[in-house]
Structure formats: C-alpha cells, structure tokens
Amino acid sequence: MKLVDKISLFTPANPFFTFEFFPPRTDQGFQKLIARITRLSRLNPLAVSVTWGAGGATINRSLDLAWATQREQRLETILHLTCTNMVQGLIDDVLKNAKECGIQNILALRGDPPRGEEYWKPTDARFQHAADLVSYIRSSPLYSDYFCIGVAAYPEGHSDKLLEEDEELAYLKQKVDAGADYIMTQHFYDVDAFLEWVKKVRQKGIRVPIIPGIMPIQTYSSFLRLTKLCGTEAPPHVMDALEPIKHDDQRVKDFGVALAVEMIRKINASSEISGFHFCTLNLERSIVLILEQLGWTGEHASTTNRLITGASQVEVEDSSLNSNFRITPSEALDTAASTLAGKSSRGLAQEVGKGELNSEATWDEFPNGRFGDAKSPAFGIGQDPWNPSSSVLTGPDREWGSPKSTEDLTHLFLQYLHSEISSTPFSSNPLSLETKKILPQLVALNGAARWTVGSQPAVDSALSTDEVVGWGPPGGYVFQKSFVEFFTTHDDLLEIVSKLEKIDGDWFTFYAADSEDNFTSNVDAQARNAVTWGIFPGHEVTQSTIIDKESFISWKEEAFEIWHQWALTYPPDCPERRILDEVWRTRWLVTIIHHDFKTPDGLWKLLLDNRDSNETEDPNRVTK
C-alpha cells in the first residue's frame, strides 16, 4: 500500500511512526537484525525504511533486507534509492526488483559523493538531483502510478552547506513539483528551528506531508560523529546537559530518550505533524522506551484460535471455513515467533541485560571501539552506519602532503601521533586520550614503518565512569586487553609470526590479510576474542568489543579500499599514485591481541624487542 494513503488516516491526535534500518555489514548481524525487526514490528510501525549505501555500496544487502521486511515480515517497506553511481539501466533493475517484491514506496535521494570524491558528481547526466529521479519514475509507464515517492529535506541545511536556505527550499519545491508524495527530514535537535522551517516550507506552497526524522542520542561519541557527518547542530541546552554526563554511557542514553520524548511532544502539540521517522541505528531499546513513554505501544488484541492446515486440505474438508480461522504451518510458525519476540519488546524498560529475551534485545547497547561486535546489527555505527565502505577520505588532504615514498608515509603517521596534523585517511579525529597512554610504543612502531590504524592499552579494572577508558552504566568496572592494528610488509609479518611460534601458551592472537584476500591467523576461524568487557551491578558480563575473523575481514576490506581510493585521487603514473598503489597491492593488515591484560607491556615487548625506539623517530619531524 502507498505510504501517503496510510498517512491520510492519521492526525496529530492519532500519530504514526516509522523505523529506519541500514543493512548490517555481516551475515550474523543481518540475522540478528531480522530478529530485532520482528520484535519491533509488534509496536505496529506504519512502515520501515531500508537505507542505500553511497553509490549502491550496499545494493545487494539493501535489496535483501527490503525483501525480508516486505515479504517475510509483512511490513510496509520504503526503499531508499540514490543517484550516486547510478545509470538508467541500474535504476530500472532496482525499480523492477522492488515492484516484484511488492514494495510500493521509494525514498528518492541524490546521495553522497562517491568514495574518493570531494564533491558529488553525476554518473549519468540524466540523474543529477533527486528531482531527476522523481521525474524519471513519474514518467515511466511501468512505475508512474505504482510507486509512492518520498524525498528528503534538511531543516538545518544540507551537510555540504553549499546553498542558502531559500535555495534549499526552492530545490525542495522542485522535488515535490516533480511528483514527490511526502517529505522525510534529516534528524535534528532544535525543535523551535524545525517548527519555523515547517512554516517556511508551507509558505512556499508545499503541501505534502512532512515526516520529521528523530535520532535518539545513543552515546556521546556517536552523537558527536553523526551530527558532524550529517551537518546537524545541537542547541546549547542540549550540549550543556550532555557535558556533565558525557562519560556515563547509561545517563547519556537515558538523556537521549528523554530528549526525543520532549521533542516529539512539543512538535506534536505545536504543529500539523502527524507522524515521526525514527533513525534506529539498528538498535532497539531507546526506540521502545521512547514509544512507551509516549504511550504509543498499545497492547494488541488477542488472536483468535485458528486451525493449522494446508490450503488444499481446507478445500476438501471444509470449503466454507472462514479464512480468519485457518492458517498454514509456515504462517503459524512465523506468528508464534513474532508473538514470542514481541513479548520481550514490551518489557524493554527493564535494566539492560535482565532476562534471556531482554538481553537479546539490549546486549549490544554499548558498542565500544571501532565496530563493537560483528554479530550486532549495529556493527559499524562508530563510523558511518549508512555507507559502510566510506571513510574520512574525500580527496587529497593538504594536511597529508604528497607522499611519494614509504618514508613520506611513515612521516605522515608520525605527524599524526605527535598532533602535528589532526587526521589521516584512516582517522578523521585527533589522537584520543586513551591512545596517548601508549604513545611512545606507537611512535616506535610507526617509525619502523608499521603504520598503526587502531590500538588500545591494557586495562586491569577501571571505573566505568573513568574519563579516558570508561563506558557503560555507572558503578561498574571495565577491562581491556591490549591490541594493535597496523600495515606492514610480508617479510615483517613472517618475522612476527616466527616470534609468536616460539612463545609458549596462547597469550597472543593474530589476524593478517592483504588486498588480494590472502589470510592467515593462529586461531580457529570461529574463535571470538573479547578485548573490551565490563562488569556492572545486576548485569551479566558485557562484552562490548569483539575481534574475530568476520569483523577483521570486514575492516580489512574497508582499510584497503581507503588505500585504493586515496591512490585514485592522484593522476596515473605520478609518484604519489605509484607509492599508494604499491602499498595497496603489497602491504598486509595485521591485528595482534595480547590476552594477558595484567601485563600491560607484554604486547609492546613482543613487537619492539630488538628495536631501538630512539632510532625509529622520524628524522624529518621538527621537534617542538
């Protein structure tokens, strides 16, 4: 059914809500997300939306997830579709697949710049703006009347900040005039600014429904990253409220729930808005708590007992039996699973980790580190959840110079460690306080051309409220094993492996791979290594960061893609292009974990043995 027809049945006094999900990076995460969606479906969302990676980076997973929500979960599904890296034939294929699946709702977007590009450029000149995509669908004899089309809007301005507000409103009107049926907005935190923006939209003569995007704050760090990524602003009162609690993950999450409830109530009472779109980030607890506090999670009527039977059997035994009283075996199984899962959703206001069903819904509420746990549907939200292969790389950065040799690359990584530059292609943020705990060791490694892209020190019990390494609810204790990730040569990898083979016991685990999918490790493929965990009052042990083969391979693919895209920002055959291509082809990504967290220098002794750190300082670095 078309979303706009469903929306017409609701008013501000009787509002609706929708959920947004992104395709998980891993197969295990995908399976977990389906179970999560089953639980959330019991809350009766009007629809769910499935995001589309930049340039169709997640095209297969997006279509698989949309198929699952529309056909298997029987949820009205909105499929996001962008212009980035898309040509007419590919767009036709997506629309054909969507129609065959029974999807009638599309969210038409221009999309983000392709990987390795600083600015957005069309692949097909016919699709330069979302309005072009809307016009194309509306002009198609196959799809014109079939699809309900939504478009995006940005109450605080698009993240590229290239247009003034009047220009953005003019573009929005173009999209609606081209045939858009509704507007779905970017998330925001300034309600007053949003309400003023709605007035301006209406003054432009735009009359289609507006659905505001609501993204509950999950953690302080992810809040900062995602507001920066999306170009949204947080009002001073929000930042002031977060400042004293930013090191307490549970209080931040609770504040995020309270803020969302306050925002929705204010919008609901002050405007024509009759529905809200929740950006779930593939997490559920905050969403359920918000809906419970709003009183929007009403109980369902009891299901009438029905006869489990096949269609042919019903026809033979009792052709007059009403369809409301019969059900197929597969439908009965789906209904039972959904009902059981739904029971856990309505009890999510309990503490995190209480009870088996509830822990299934909340076990990954505190992701930590680069990814968290590869089994989590939210695996990867620490970076860009919508574009899993994206990075901070949008073109050659002046800070990074023009590397023409391995020595230049070593110099770049050392500059970052010494805070002489604020980013690298692998990190958009300055060095963290936690990383500074092991700064001398990282300087020595990078000076030896082992270019580090991830690490953490060992922690033998710190308060969960510790400003440097703390996470999770207050009153707990957190622990860490030391690990480091770096790029190195194959010969150096062999030297490291040789050292590890001479060590008694299984105190060290390593994973290594190159861009050609060669892989080696000293543990079984199914082994899972918890490198960050916490003990909290009344909770089971919470493992917030897991390193295993699946998570390593996922990161490996992204890491080598960064090298490749960095190389493509330079002309062919120039020295910069040659060295970056050589690194991409020949280097290995290595992750080493030291399991003895009571011996904080054990990992660094292994890697720096027989290496004089004083000789590995970059000779070109200017000492401040």
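Figure 1. Of the contacts in the protein with a separation of 6 or more, 75% are accounted for by residues 24 or more positions apart. The model shown here and in the following views is predicted. Its secondary structure comprises 21 helices and 19 strands. The protein has 624 residues, and buried residues make up 55% of them.

**Figure 2. Close-up of helices α7 and α10.** This view presents helix α7, formed by residues 191-203, together with helix α10, formed by residues 249-270. Their axes come within 10 Å and cross at roughly 30°. Because angles under 35 degrees count as roughly parallel, α7 is described as roughly parallel to α10. The crossing in which α7 passes α10 is right-handed. On the side of α7, the residues that meet the partner helix are V191, D192, F194 and L195. On the side of α10, they are M263, K266, I267 and S270. Sorted by class, this contact of α7 with α10 contains five nonpolar residues, one polar residue and two charged residues.

**Figure 3. Close-up of helices α6 and α7.** As α6 passes α7, the crossing is right-handed. From α6, the contact is made by E165, L169 and L172. From α7, it is made by W197, K200 and V201. By class, the contact of α6 with α7 has four nonpolar and two charged residues, with no polar residue.

**Figure 4. Close-up of helices α15 and α17.** Helix α17 consists of residues 439-447, and α15 packs with it at an angle of about 170°. The two axes are 9 Å apart. Since angles over 145 degrees count as roughly antiparallel, α15 is described as roughly antiparallel to α17. T410, F413, L414 and L417 are the residues of α15 in this contact, and they meet L439, L442, V443, N446 and G447 of α17. By class, the contact of α15 with α17 has six nonpolar and three polar residues, and no charged residues.

Figure 5. I37 is located in helix α2. With a relative accessibility of 1%, I37 counts as buried. Apart from neighbours within four places in sequence, the residues in contact with I37 are F21, L65, T69, Q73 and L75. One of these partners, T69, is 32 residues from I37 in sequence. In space, I37 and T69 are 8.0 Å apart, C-alpha to C-alpha.

Figure 6. F127 is buried, and its relative accessible area is 1%. The view also includes C83, which is 44 residues from F127 in sequence. From C-alpha to C-alpha, F127 and C83 are 5.8 Å apart in space.

Figure 7. T297 is placed in the loop between α11 (285-294) and β9 (307-308). The relative accessible area of T297 is 19%. Because buried means under 20% relative accessible area, T297 is classed as buried. When residues up to four places away in sequence are not counted, T297 touches L43, V288, L291 and E292.

Figure 8. N44 belongs to the loop between α2 (27-41) and β2 (47-50). The phi of N44 is near 65°, a positive value in a residue other than glycine. N44 is partly exposed, with a relative accessible area of 48%. S419 is found in the loop between α15 (406-417) and α16 (433-436). S419 is not a glycine either, and its phi is positive at about 60°. With a relative accessible area of 46%, S419 is partly exposed.

Terms used:
Residues numbered from 1 in each chain as written. Predicted model: local features only at pLDDT ≥ 70, side-chain atom pairs only at ≥ 80, totals over all residues. Heavy atoms only, no water. Axes fitted to C-alpha atoms, helices over the stretch in contact; angles between N-to-C directions. Helix = DSSP H or I, 4+ residues; strand = E, 2+ residues; numbered from the N terminus. Parallel < 35°, antiparallel > 145°, perpendicular 65-115°, else oblique. Left-handed = near helix turned anticlockwise from the far one by under 90°. Contact = heavy atoms within 4.5 Å. Nonpolar A, V, L, I, M, F, W, Y, C, P; charged D, E, K, R; others polar. Buried < 20%, exposed > 50% of the residue type's maximum accessible area, 1.4 Å probe, protein only.
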